[in-house]
Amino acid sequence: RGIDALVVIGGDGSFRGATALSAEMEDLPVIGCPGTIDNDLFGTDLTIGYDTAVNTAVEAVDRIRDTAASHNRLFFVEVMGRDAGFIALRTGIAAGAEAVLIPETTTYIDELVQKLETDWKERRRSGIIVVAEGDDGGGAIEVARKVQERFPQWETKVTVLGHIQRGGAPSAFDRILSSRLGVAAVEGLMQGRKNVMAGIVNNDVVYTPFKETITLRKPIHPDLIRLVNILSV
């Protein structure tokens, strides 16, 4: 059909498909652009859609906090992130959550309850706990149930933001990022590159082989976890 190259925009699954396609059609160069709200692709600091998803989640948490404060309730807000806590972590920091629970760290319910008991003694009567859907504690519904059993004084509520994080108008940052990565993909093809993903690392364009993007795990920056621990005291 006259197709001389392919740019694949997506995440892990899309790049696995791109790898299989390039293996079947060796003469067809394929380059990827990282498009996933989870921001979990190795080889790029940021993925297309991530900033928009975080801003959507932060706006929702800000609205929920109004209810939490006025009705003295503890809200568990579940954000997307089946295998990665990037959305939860930045949402929690930006929205001033009392705690953030993510798949990359172990959730200890007893420690969470102990913190909430301290808040209660200090006469804090509302709070927000941000939970990534893939947290090992079982997601927001299960974590809230466990906390309510151990600490019945505080009325708990659960809000699952779900797929609203995947839609809506993209942020200005995401629009600029997608433009940079789109140009980088086309320029990479013109340079003869193939079977790689165009990404941004330290604000510079880099190209990472598909085999690395789909096999290597992108780590959570420890400074962000440290920041959550400091700000949630």
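**Figure 1. Overview of the protein, which contains eight helices and eight strands.** Helices (H or I, at least four residues) and strands (E, at least two) are DSSP runs numbered from the N terminus. This is a predicted model, in which local features need pLDDT of at least 70 and side-chain atom pairs count only at pLDDT 80 or more, while totals for chains, interfaces and linings use all residues. Residues are numbered from 1 along each chain as its sequence is written, and side-chain values use heavy atoms, with hydrogens and water left out. Along the principal axes, the C-alpha atoms fill a box of roughly 65 × 30 × 30 Å. Of the 233 residues of the protein, 43% are buried, that is, under 20% relative accessible area with a 1.4 Å probe, protein chains only. Contacts (heavy atoms within 4.5 Å) with a separation of 6 or more are made, in 73% of cases, by residues 24 or more positions apart.

**Figure 2. The open sheet of four strands, in the order β1-β2-β7-β8.** Its pairing is mixed; two strands are taken to pair if DSSP finds at least two bridges between them. Strands β1 (6-10) and β8 (204-209) stand at the edges, and each has a single partner strand, so one side of each is left without a neighbour in the sheet. From one strand to the next, the twist averages 30°. Strands of a sheet pair through backbone hydrogen bonds, either parallel or antiparallel.

**Figure 3. The parallel pairing of β2 and β7.** Strand β2 covers residues 30-34 and strand β7 covers residues 196-201, and two bridges join them. Gly32 has Met197 of β7 as its bridge partner. Strand β7 is mostly covered, with five of its six residues buried.

**Figure 4. Helix α1 lying across β1, β2 and β7.** This helix comprises residues 12-24 and runs at about 155° to β1. Axes are lines fitted to C-alpha atoms, for helices over the stretch in contact, and angles run from 0 to 180 degrees between N-to-C directions.

**Figure 5. The hairpin formed by β7 and β8.** These strands pair in the antiparallel sense over six bridges. The bridge partner of Val201 is Asp204 in β8. Two residues stand between the strands, and Asn202 in the turn has a positive phi of about 55°.

Terms used: Buried means under 20% relative accessible area, exposed over 50%, partly exposed in between (1.4 Å probe, protein chains only).
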